[in-house]
Amino acid sequence: MGKVLWQILALLWKVVRLVLWRWLKARLAKLVVITAALVGVILLVVAVLGRL
């Protein structure tokens, strides 16, 4: 009985881990894009101000 329970728990853990990993990767990708956009805007502003 205990062995079956452990197998079910192990399977659940794998599923949860997979879902979390996918979700985290999506969140991280969004964060990276936002960060890159912000850095781009800041660099653009610095370049424009530097020419004035």
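Reply: Happy to! A residue is called exposed when its relative accessible area is over 50%, and buried when that area is under 20%. Keep in mind that this is a predicted model.

Me: Why does W6 count as exposed?

Reply: W6 has 64% relative accessibility, and the cut-off is over 50%, so W6 counts as exposed. As for its place in the fold, W6 lies in helix 1, which covers residues 2–51.

Me: And what makes L44 exposed or buried?

Reply: The relative accessibility of L44 is 57%. Exposed needs over 50%, so L44 is exposed. L44 is also found in helix 1, and its C-alpha atom is 26 Å from that of R27, 17 residues away along the chain.

Me: How do you know whether the protein chain is a compact globule or more spread out?

Reply: Start with its secondary structure: 1 helix and 0 strands. The radius of gyration is 22 Å, while the globule rule gives 10 Å for 52 residues; 22 Å is well over that, so the chain is more spread out than a compact globule. Its C-alpha atoms fill a box of roughly 75 × 10 × 5 Å along the principal axes.

Me: What share of the residues counts as buried?

Reply: Of the 52 residues, 0% count as buried. The chain exposes about 5300 Å², with 80% supplied by carbon and sulfur atoms.

Note on methods. Residues are numbered from 1 along each chain as its sequence is written. This is a predicted model: local features need pLDDT of at least 70, side-chain atom pairs count only at pLDDT 80 or more; totals for chains, interfaces and linings use all residues. Side-chain values use heavy atoms; hydrogens and water are left out. Helices (H or I, at least four residues) and strands (E, at least two) are DSSP runs, numbered from the N terminus. Buried means under 20% relative accessible area, exposed over 50%, partly exposed in between (1.4 Å probe, protein chains only). The radius of gyration is taken over C-alpha atoms; the globule rule is 2.2 Å times the number of residues to the power 0.38. Accessible areas come from the Shrake-Rupley method with a 1.4 Å probe; for residues, only the protein chains shown count as cover.
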